[in-house]
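Here's a quick tour for anyone meeting this structure for the first time. Take a look at the model, then read on.

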Amino acid sequence: MDKKWLPLTITLGVAGVAVVTASVWPDSVEKPPLPQSLCHGALSRETAELIDDGKGGEVSAGESESKGGATDHAVLKTCHVLRAGPHGEGPRGVYELVVEDTRSAPGAKKGSAPLGPGFTGWALPDRAEVTLPTGCAARMGSAAPHVKASLVVPSQDEERLYRRGEKPPVDPDTATRNNATVMREAATRLARRYGCAD
């Protein structure tokens, strides 16, 4: 082959690979969340930063998703919100947000705070839950009647703190308010994303 044509051949070869790769993924596949979003687009970075374990650090997220399989869940999205270590060590888990379909009707936990008008859910210092609007389950590919988002914040777990003789890193009332804010935003953004807002 003439050397003057070699760069063009390489360029066309790379472009051909890109076209093949792009055509493997259908247009209906969910687009990844915007860079300023976390947890499959459910949270803005600003809201994600509300929950802290008292050690600070830059927020990031590890996200996974599964559909169908051996379980009854047609929708299961898990997000671990991380914070960078204060002294350069690896990121540590701060909380987990799980979005899943469920056949159970939404309920409330004893002693929990409601999320406010327009939201079905509750919040405690160490966990919270919100049920997405009716219609979200079908839009997210589930035959179940409901989709819920659940939040777990281990650093605020009262029993764990008691066993260790530690105080919570954040005042329980503030932690409850922060968790409620996270749940309201998750429900609002997911409903908007899937076009199922009430």
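Predicted model: local features only at pLDDT ≥ 70, side-chain atom pairs only at ≥ 80, totals over all residues.

Of the 198 residues in the protein chain, 36% are buried. Among contacts with a separation of 6 or more, 57% link residues 24 or more positions apart.

Here are the overall values for the protein chain:

| Feature of the protein chain | Value |
|---|---|
| Buried residues | 36% of 198 residues |
| Accessible surface | about 11,900 Å² |
| Carbon and sulfur share of that surface | 57% |

Now for the inside. In soluble globular proteins, nonpolar side chains tend to be buried together. The largest nonpolar core here has 35 residues, and C39, L43, Y95, L97, M140, L151 and M183 touch the most other members. Elements that each supply at least two residues include β4 (76-83), β5 (92-102) and β9 (146-152). Which element gives the most to this core? That's α5, with 8 residues.

M140 is worth a stop. Leaving out residues up to four places away in sequence, M140 touches V75, K77, V99, L132, V147 and Y194.

Back to α5, which covers residues 172-194. Its 23 residues reach 33 Å from the first C-alpha to the last, close to the 33 Å expected at 1.5 Å a residue. At its start, a side-chain oxygen of D171 comes within 3.2 Å of the backbone nitrogen of D173. Just after α5, G195 takes a positive phi of about 65°.

Note on methods
Residues numbered from 1 in each chain as written. Heavy atoms only, no water. Helix = DSSP H or I, 4+ residues; strand = E, 2+ residues; numbered from the N terminus. Expected span 1.5 Å × (residues − 1). Polar contact = N/O pair within 3.5 Å; in protein donor to acceptor, adjacent residues only side chain to side chain. Core = buried A, V, L, I, M, F, W, Y, C linked by side-chain atoms within 4.5 Å. Buried < 20%, exposed > 50% of the residue type's maximum accessible area, 1.4 Å probe, protein only. Contact = heavy atoms within 4.5 Å. Areas by Shrake-Rupley, 256 points an atom, 1.4 Å probe, with all protein chains shown as cover.
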